[in-house]
Amino acid sequence: MKAVHLFIGLLALLAIAGCSDEPSDAGFAGLADEGQEHGFRQPAPGGHISLPEDWGAHPDYRIEWWYLTANLETAEGQPLGLQWTQFRQGLEPRPPGAPAPDATLWPLQSAWMAHGAVSFDGQHWFDERFARGDIGQAGATTAPLQVWLDHWQLSEMAAGRWQLSASGDGWSYDLVLIPGQQVVRHGEQGFSAKTPDGQGSMYFSLTDIAIQGEVVLDGHSYKVAGLGWLDREWSSQFLRSDQRGWDWFALRLDDGSRLMVFQVGDGDGAFRSGTWVDPQGEAHSLGTDEIELAALDYRDIKPGRVPVAWQLDIPAMGLSLRVSAPPGTYWNDGLYPYWESPVSVSGSVDGSGYMELTGYGESAE
Amino acid sequence: MLLRAMLSHYRRHPLQLLALLAILTLATALWSGVWTLTSQARDSMAAGDRQLAGQQVLVRQDGKAVSVQDFADLRRNGLCVVPWLEVASDSGGARVIGLDPLAMSCAEAAPSGSGPVLDGKPFVDISEAARLAKDRPSVLRLYLATEIGHLPEGWQRQVDPAALDTGELADSFLLNLNALAVLVVLVSALLIRSVYTLGLDQRRHGLQLLERYGVQRRRLRRYLLLELSILAVLGAVPGYGLGLLLAEVLGSGFGSAMANLFDTALLATPHSVTGFLVTVAVMALVVFWCGLDLFKGGRGQTGMVRFQVPLALGALIAGAVTVLVAGSLVSAFLATALLLLGAGLVTPRLLQRLAAPHRDMAPLRLWRRRELGVLIRRLALPLVALQLAAGTVIAVHALVHTFEGTFNQWLDQRLSGDLFVEVPDGKAIVDVVPVLSQRELAANWHPVLRGQVILAGADTSSSLDLMATDSRSSLVQNWSLIEGVNSPWLAVGRGAVLVNEQLARRKGLTPGSRLILGFGEQTREVSVAGIYADYGRPAGEVMMDVEHLPQDFAPAFRSLTVTLPEGSANSRREELLASLQHAWQVDTLQVRDNETVHQLANRIFRQTFALTRAISYLTLGLAAVALLLTGWVVLGSRQWYYQLLVVWGLAGKSWFRVILTLAAELMVSIWAAAVPVGIALTWVLVQRINPLAFGWSLPMAIYPGFWLELMALLALAALMIAGAFWLRRPATGIAPALGNGEER
């Protein structure tokens with residue numbers, strides 16, 4: 001769910017382009033109201049995830065993404081954060097098995113967007129790319145796994161071995177990923193609720209991808225290695241119009257456990273959900289009542305005020321964590337801007353991970 | 001009450017009201033039509049320039065058309081290419097452009113994530129354009145939006161055809177049309193003013209009467225101005241609509257002409273209000289001009305002003321000097337305007353001098369001469385308007401005819417051959433040499449290779465078209481060159497090149513000049529052996545012998561020009577084509593015959609001048625109608641005099657003869673005044689404006705046959721005026737009474 005907002009950016013772009021229905025309301029929230037998802041399949045409790053098929057695109061659903069964040073280290077031991085995300089936004093639903101539209105007609109059944117970012121030494125590099133679907137410029141296939149937009153791509157080199165490469169202004173990376181076997185299905189067998197009334201998405205993650213490769217920043221090349229977290233999520237629902245912004249955390253704790261937590265909205269009305277994967281690898285779903293989340297410290301950056309330190313408690317699991325972003329501005333200044341930073345964890349147990357914050361900054365007003 | 005009294009004039013002279021409205025409507029239609037077309041063309045060019053500023057087109061080295069797959073492949077190779085799908089409209093005129101805003105976001109200039117605003121025509125989403133392209137001609141181009149070092153294999157850069165030096169030429173072409181539109185405005189303003197002031201003159205008594213009844217002169221003038229403004233609006237509004245219609249009707253041909261002449265598409269740009277505002281502004285100026293007369297005393301001055309002759313001579317001299325030294329189109333037009341102004345000022349005075357009676361003339365002739373002098377003075381404005389309109393028509397006619405003649409002759413030279421066979425991709429010309437060597441199949445043949453070459457200059461390099469052929473072929477040796485060294489074809493056979501007139505003018509080349517041409521990595525210095533005419537294209541071109549092309553030169557197009565043996569039947573043609581297919585091992589061949597190419601070329605050039613011709617004839621029509629009308633009014637106001645002739649004992653037929661001769665003399669005077677203007681304007685058009693506007697010049701030619709046609713037309717007008725008088729002729733012997741608006 002964490003990246004739903006980015007699609008609104010896409011929709012806005014298409015609206016600018018004059019080639020899609022205009023959003024019914026200004027901003028991203030207005031897109032979520034009922035009646036907007038007509039024709040697209042809705043995820044529901046009882047849905048299940050089947051692999052490897054679900055690595056591929058779901059043209060019968062409205063939105064989906066492949067979302068990798070990684071906490072790496074250079075050969076000198078300096079931390080380096082990295083993001084690669086690819087989104088698909090369906091504009092017209094296509095039933096499973098139906099033929100793709102004729103590419104020579106430059107169809108616009110779907111639009112794709114990719115984000116790439118690198119965070120290192122207090123600096124942040126970011127770029128984004130866009131494409132229309134079904135013409136070969138962007139897409140996702142399962143056998144072999146390939147997700148691409150222009151020359152940015154995640155591809156399966158051999159069984160259990162992937163390659164990821166992307167580049168932008170002043171940065172590039174070329175990485176080898178060993179995905180591992182363990183797949184975490186969030187919520188109810190992969191159906192992850194996003195509202196109290198049961199709307200949600202299909203959502204699974206690979207939490208421990210071994211990564212190594214090369215990152216080039218402003219002409220300097222760095223050998224890097226570390227762990228990545230890949231989210232795979234699809235849905236047909238946007239945020240409800242009374243929900244605004246969300247905060248998402250994916251944490252790798254030193255005791256071997258893994259924790260994913262998000263909250264939609266803020267204050268008492270916030271909807272919270274999460275998954276705790278115990279050191280033995282068993283996933284436990286967490287509901288709103290089980291998660292306590294509060295901002296501790298803010299940073300004033302150019303776009304606005306962003307909470308960069310959080311107190312995250314899961315009393316049932318005995319977790320009391322302080323999650324903080326390193327110094328710097330980790331603002332993905334794209335069509336729809338948001339905060340995406342590596343974080344360090346201290347408290348009842350140490351760890352590291354990634355944090356995404358949306359709904360902050362001027363564009364959220 | 002006052003209003004009713006004022007408007008009673010038009011109740012008594014409804015024809016005058018109708019005529020005034022008609023002139024207003026037609027004049028507005030003409031200038032707003034031309035304005036709409038040219039501004040649409042300018043907007044199209046500007047829109048194209050904005051989108052493509054500094055960008056290059058990527059083309060496949062194998063010369064095939066690019067596809068969606070090519071686009072995706074190049075993007076996956078990391079190149080920021082953006083698609084541009086240009087689709088012709090169903091009427092063949094304005095086009096739409098399909099863009100992919102998502103793809104454009106990678107361009108450096110674009111802010112992150114933003115695409116262009118596609119708010120309808122001409123830019124639409126590429127999927128919409130692709131839908132239209134299903135049943136309309138279209139072309140897909142891939143623009144390289146960011147600079148990169150090397151291209152993937154199989155691809156090469158091509159300077160965007162729209163970014164050639166054609167922008168300036170296309171602009172000049174439009175300036176040409178706008179100048180014509182300005183002339184239309186000028187002519188129609190003269191006409192409107194003359195018709196209006198004549199009407200005002202007729203109303204003099206009525207207005208004076210109103211003044212005597214106590215209506216304040218200021219109030220009267222205000223009402224008159226209001227009346228004029230209302231008339232202007234009543235005439236201009238339908239005129240503007242008609243103009244838009246005219247633009248739409250002519251748009252298709254104009255669009256084709258723009259595309260053919262300048263590789264510039266006429267885009268379906270959104271309708272702008274500028275055209276309407278300009279129309280309103282022009283109309284306001286004309287009303288203001290007419291209004292000036294009101295405030296100068298209510299009497300229109302259709303006569304002459306002091307210092308007219310020195311002023312005219314000054315304008316003529318200044319215009320002549322400027323036109324000789326003009327280096328830009330704007331200065332050439334200014335000079336032309338000065339010449340026309342001078343001609344317009346001097347003509348009435350000159351004609352009056354010529355019409356001056358001698359003392360020893362027969363009484364009737366003397367009377368006629370005096371009356372002609374009066375008419376010339378009274379009709380000075382419409383007379384000059386008709387003179388300028390007729391002069392323009394003479395010049396445009398000469399230009400178009402000279403062009404057609406020259407072009408046909410040139411086309412015959414360039415297309416000397418019966419068949420043009422395209423060489424299929426991947427096939428070699430050498431494979432069919434044995435076939436073409438058989439005398440019973442082909443009497444003569446030569447290859448034509450086309451491609452691009454870089455002209456290295458001191459400051460900048462530019463891309464040129466290159467044409468290579470066999471300089472020994474008798475099919476090319478009969479080309480007549482504009483300029484050349486001795487035995488130019490021999491020189492070409494030894495490695496020299498020929499250049500087209502456009503390139504020669506642009507770069508100041510003469511036979512013997514030297515050029516540095518870049519073929520891929522290597523450059524070569526060559527000498528210019530001659531300059532050939534190359535009509536209808538903006539691009540510079542060099543022509544060289546096939547033998548001197550670098551080995552690795554990759555032509556974008558190859559064809560064979562073949563002459564069939566004399567008197568060979570259609571079966572021989574089929575046999576030749578079958579043999580070529582067999583030798584190349586292909587199933588089909590692209591073949592065009594001489595006649596088809598001729599027809600195509602002629603169609604293109606008819607379109608090119610259709611608009612110019614249409615405007616000039618419409619202007620002439622307008623001027624003629626106005627003259628008929630004013631002639632009718634003026635002669636009508638002189639009817640008392642003419643009736644005196646009857647009282648003096650002139651028989652009916654003799655009376656008619658006198659009136660007819662008078663009208664004919666007036667028309668011949670106008671014709672005689674128009675011819676020199678036409679000749680001068682022809683010279684300015686072909687020798688001065690055409691090279692500046694199109695890049696090539698034409699020989700000067702005159703067509704006296706057409707002058708006679710024009711005179712016949714004017715004679716017809718004279719006959720109509722005299723005929724109308726005959727119908728109103730007085731009964732013999734009755735003393736004339738002074739009618740309303742008549743003078744003694």
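Student: Which residues of chain B does the UniProt annotation "transmembrane region" cover?

Tutor: The unreviewed UniProt entry lists 173-196, 223-247, 273-295, 307-326, 332-351, 614-634, 668-686 and 706-727 of chain B. Such annotations may be inferred rather than shown by experiment. The model itself is predicted: local features need pLDDT of at least 70, side-chain atom pairs count only at pLDDT 80 or more, and totals for chains, interfaces and linings use all residues. Residues are numbered from 1 along each chain as its sequence is written, with chains lettered from A and ligands numbered from 1 in the order in which they are written.

Student: What is the helix content over residues 332-351 of chain B?

Tutor: That stretch is 100% helix and 0% strand, with end C-alpha atoms 28 Å apart. Helices are DSSP runs (H or I, at least four residues), strands likewise (E, at least two). Residues 223-247 of chain B are also 100% helix and 0% strand, the end C-alpha atoms lying 35 Å apart.

Student: Why is α11(B) called roughly antiparallel to α12(B)?

Tutor: Helix α11 (residues 329-355) and helix α12 (residues 363-378) of chain B pack at about 175°, axes 9 Å apart. Angles over 145 degrees count as roughly antiparallel, so α11(B) is roughly antiparallel to α12(B).

Student: Which residues of α11(B) and α12(B) make the contact?

Tutor: P348(B), L351(B), Q352(B) and A355(B) of α11(B) meet R369(B), L372(B), G373(B), I376(B) and R377(B) of α12(B). Contact requires C-beta atoms, placed from the backbone, within 7 Å.

Student: How much of chain A counts as buried?

Tutor: Of its 365 residues, 51%. Buried requires 20 or more other C-beta atoms within 10 Å of a residue's own. Chain A has one helix and 23 strands.

Methods. Axes fitted to C-alpha atoms, helices over the stretch in contact; angles between N-to-C directions. Parallel < 35°, antiparallel > 145°, perpendicular 65-115°, else oblique. Contact = placed C-beta atoms within 7 Å. Buried ≥ 20, exposed ≤ 12 C-beta atoms within 10 Å, placed from the backbone.
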